[in-house]
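Please read these points with the model open beside them. They go from the chain as a whole to single residues.

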Amino acid sequence: MPTQKSDGSAWLHPSRLPLGSGWEGHCTAPGHEGAIPDSPNLREGCSLGYATTCPRLPPVRAWDAIRFAVAGENESKVSVAYVCERNHLPAEHGSLEYRVHDGVWAALHPDKRIQKMAQCFVESWLRKSHPSTPEVQNESSNEQS
């Protein structure tokens, strides 16, 4: 679970990462919630997906990686597409909408992990493409519609 943006020195090309930059965080694997991954696991597994060398990887899981992309944008919103992968195949997909003017999500994903990663992705994307846009709000301040 990403919690803070990394300084970027751990990755050669941080903008190519699934969340658009490097992030630090904690584990959400059952029985290991809150554990802090070491740097090699963070760089080579957690931040990329398919963390097959991670000792905390649950044997049964819904997906191995989550990918995000901006599917469209205008002055008022950014549409974010996501795909959850399992064995390199799509297992779930959908889209989320971020409202630029008020800095909140139109609706939240029911899985808080996906929502948090989408939030980090949009934050990274906005920093690069729209540096004057207000920061992305955390999910506790968002409204469901």
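What percentage of the 145 residues of the protein chain count as buried?

1. The share is 41% of the 145 residues, where buried means under 20% relative accessible area, exposed over 50% and partly exposed in between, with a 1.4 Å probe and protein chains only. This is a predicted model, in which local features need pLDDT of at least 70 and side-chain atom pairs count only at pLDDT 80 or more, while totals for chains, interfaces and linings use all residues. Residues are numbered from 1 along each chain as its sequence is written, and side-chain values use heavy atoms, with hydrogens and water left out.

2. The protein chain has two helices and six strands, in the order β-β-α-β-β-β-β-α from the N terminus. Helices (H or I, at least four residues) and strands (E, at least two) are DSSP runs, numbered from the N terminus.

3. The accessible surface of the protein chain is about 8200 Å², and 53% of that belongs to carbon and sulfur atoms. Accessible areas come from the Shrake-Rupley method with a 1.4 Å probe; for residues, only the protein chains shown count as cover.

4. The largest pocket holds about 870 Å³ of space. A pocket is an open set of points on a 1 Å grid over the protein atoms alone, where a 1.4 Å probe fits, with protein on both sides within 12 Å along at least five of seven lines; lining residues have an atom within 4 Å of a point. Grid points are joined across faces, edges and corners, and the volume is the space filled by probe spheres set on them.

5. Its lining has 37 residues, and Met1, Thr28, Cys46, Asp64 and Met117 lie nearest the centre of the pocket. Strand 2 (23-25), helix 1 (39-46), strand 3 (65-73) and helix 2 (112-129) each give two or more residues to this lining.

6. Leu96 is found in strand 5 (residues 89-99) and is buried, at 9% relative accessible area. The C-alpha atoms of Leu96 and Val70 are separated by 9.7 Å, with the two residues 26 apart along the chain.

7. A disulfide is a pair of cysteine sulfur atoms within 2.5 Å, and the whole structure has zero disulfides. Cys27 is buried at 12% relative accessible area, and Cys120 is buried at 2%.
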